[in-house]
Amino acid sequence: MTGRTTDAVIDLNADLGEGFGRWRLTDDEELLSVVTSANVACGFHAGDAATMRRVCEQAVARGVRIGAQVSYRDLAGFGRRSMDVPADELAAEVAYQIGALEVFARAAGARVAYVKPHGALYNRVVHDTDQAHAVVEGVLLADDALPVLGLPGSRFLEVAEKAGLPVVTEAFADRAYTPEGTLVPRGSDGAVITDAKAVVERSVSMARSGAVTARDGQRIGVRARSLCLHGDTPGAVDLAREVRARLEGAGVRVEAFA
């Protein structure tokens, strides 16, 4: 024990419930023993009714907050294909997904605690003001007090804050960053960081100093209240455990934001 004290606090979130029918992508039960917030797929990029119900029950049993991970309607592409959805249609679909998850969250004894866009929608609303407005409108339709989780400096968080929604900033230890503070597109070389040691070190740096090394070697600010741990990478559970252990060993308090 070092006796070190710190005011650093971080939430750990992961994308869960990303299966469909008999097919499962993530080890939901094990990840729920590590994370403090669960981004639950709501059926548009992955997930189905039975999966949503199961993950909500497991999350409540573990004391993990339930978040609605909303997406373009794109099961075939896992929500990673950008789509030009009319604003009124996108708003309705966002509200629909939140409402679907809320049923199972309530049945398990909780509520949907926040909303996070998934995949292509997440990246689209970083820059696209119109789509950001549509997502925010959908959140407001469902619950005008729901926090939203997104990338610092994004149009999404800017629009949400102006609309009166609580905003929460997020960082990614296993994704490469551009010098502008955005994520390197998944199709680019080195977009996903697979070296476990590097992911752990980046996690501690983000939580303690609010900074990370971008793809070009620059140190950039990424101050965030929540850190995303992807559950669909090889060895995800062991990596998540190591990240949490190292964070706590570095004096970072790990707790949910909602």
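Residues are numbered from 1 along each chain as its sequence is written, and side-chain values use heavy atoms, with hydrogens and water left out. Because the model is predicted, local features need pLDDT of at least 70 and side-chain atom pairs count only at pLDDT 80 or more, while totals for chains, interfaces and linings use all residues. Helices (H or I, at least four residues) and strands (E, at least two) are DSSP runs, numbered from the N terminus.

Strand β1 covers residues 9-16, and eight of its eight residues are buried, so the strand is largely enclosed by the rest of the structure. Buried here means under 20% relative accessible area, with exposed set at over 50% and partly exposed in between (1.4 Å probe, protein chains only). In a regular strand, side chains alternate between the two faces of the sheet. On β1, Val-9, Asp-11, Asn-13 and Asp-15 point one way, and Ile-10, Leu-12, Ala-14 and Leu-16 point the other way.

β1 has several partners, pairing being called when DSSP finds at least two bridges between two strands. With β2 (residues 37-41) the pairing is parallel and runs over four bridges; here Asp-15 is partnered with Asn-39. Strand β9 (residues 226-228) also pairs with β1 in the parallel sense, over three bridges, and Leu-12 has Leu-227 as its bridge partner there. The parallel pairing with β10 (residues 253-254) comes to two bridges, with Val-9 opposite Arg-253.

His-118 counts as buried because its relative accessibility is 3%.

Next comes α4 itself. Its axis and that of α5 (residues 129-142) come within 6 Å and cross at roughly 120°, which means that α4 is oblique to α5. Axes are lines fitted to C-alpha atoms, for helices over the stretch in contact, with angles from 0 to 180 degrees between N-to-C directions. Angles under 35 degrees count as roughly parallel, over 145 as roughly antiparallel, 65 to 115 as roughly perpendicular and the rest as oblique. On the α4 side, the contact is made by Leu-121, Arg-124, Val-125 and His-127, and on the α5 side by Thr-129, Gln-131, Ala-132 and Val-135.

Notes
Contact = heavy atoms within 4.5 Å.
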